[in-house]
Amino acid sequence: MLRQLWARLWFRVASSVVLVVITFNSIVWLTSPMFSRYFIADLIQGSRLELDKDSLVRINLFSSRITINNLRWQGNEGREFHLNSLDFNFRILPLFIKEFEISRLSVDGVKLHLLRSEQGFSIAGFDLSPAEQELEESADEPQAQQQAQVSGLESLPLAVDVPIIELKDITLDIDDQGHKHRVVLERFRLQRAYANKEKAESALDFVLLVNDTRFSFDSALDWQPMGGALLGSLNINKLNLEAYRYLLPAELSTAKFLSDFVLNFELTMPPVR
């Protein structure tokens, strides 16, 4: 009789916990678009930007997933940011064994503008001019403190595991005091990225267009305390400095340069002592 009472009690407790978790997750999933809109609108309001009414952000705690669709804000003078879709999956349980795992991160379709004028920089409508003061202050930090901020894999507080990160169709339009440039990241893919105190490995490739010049890059990293290697190749097609002539010194302002490059490299890393 006592066992039956305990069984019923535990069943009710477990059922209540499951019900609370499901209910809480449902509330977060249903209300996340409203709260995210409020947060983003408040963030961009100071820059005189307006959030598009169709922008949607959803958070699913049950599946550890964040999705964003058609995130867009816009302002005057071509100041605009548009994110077509983002899908971010992560795992919470591995954190208990000091491992941060991103199951998948994919970003598809981003458009933003960068403006450089005599007053400073702005990107996606945000003024970056105040950052110059912060950079000057950080340059004055004691050297020992700066060195403490840069350390090797032995200082990692937890392992990092990223099976795949994919970025596609990222477009940056640049207005450099009237000189127009376009940078398009056609593809960026990071696979099998893992790093802890004992090893690091990854595979990275990307295709980047800068005006008429095309950059193709792929690499593979394999490192352990006993040593490692970084292999890769870089292909540059139609490298043309014509669009950047206004940035060149006077003695090079009339030079013409158009070429292709192929660079294969292998970097060997010595053992850690």
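1. Partly exposed, as used here, covers relative accessible area between the buried limit, under 20%, and the exposed limit, over 50%. The model is predicted. At 40% relative accessibility, Asp 169 falls between those limits, so Asp 169 counts as partly exposed.

2. Asp 169 also deserves a look at its backbone. Its phi is near 55 degrees. That is a positive value, in a residue other than glycine. Asp 169 belongs to strand β8, which covers residues 159-176.

3. Where does Asn 70 lie? Asn 70 is in strand β3, residues 65-74. Phi of Asn 70 is near 55 degrees. Here too the value is positive and the residue is not glycine.

4. Is Asn 70 buried, partly exposed or exposed? The relative accessible area of Asn 70 is 22%. Buried would need under 20%, so Asn 70 is classed as partly exposed.

5. Glu 201 sits in strand β10, which runs over residues 200-210. The relative accessible area of Glu 201 is 30%, so this residue is partly exposed.

6. Which residues does Glu 201 touch, leaving aside those up to four places away in sequence? They are Arg 192, Ala 193, Tyr 194 and Leu 221.

7. One further pair involves Glu 201. Ala 229 is 28 residues from Glu 201 along the chain. The C-alpha atoms of Glu 201 and Ala 229 are separated by 9.7 Å.

Key
Residues numbered from 1 in each chain as written. Predicted model: local features only at pLDDT ≥ 70, side-chain atom pairs only at ≥ 80, totals over all residues. Heavy atoms only, no water. Helix = DSSP H or I, 4+ residues; strand = E, 2+ residues; numbered from the N terminus. Buried < 20%, exposed > 50% of the residue type's maximum accessible area, 1.4 Å probe, protein only. Contact = heavy atoms within 4.5 Å.
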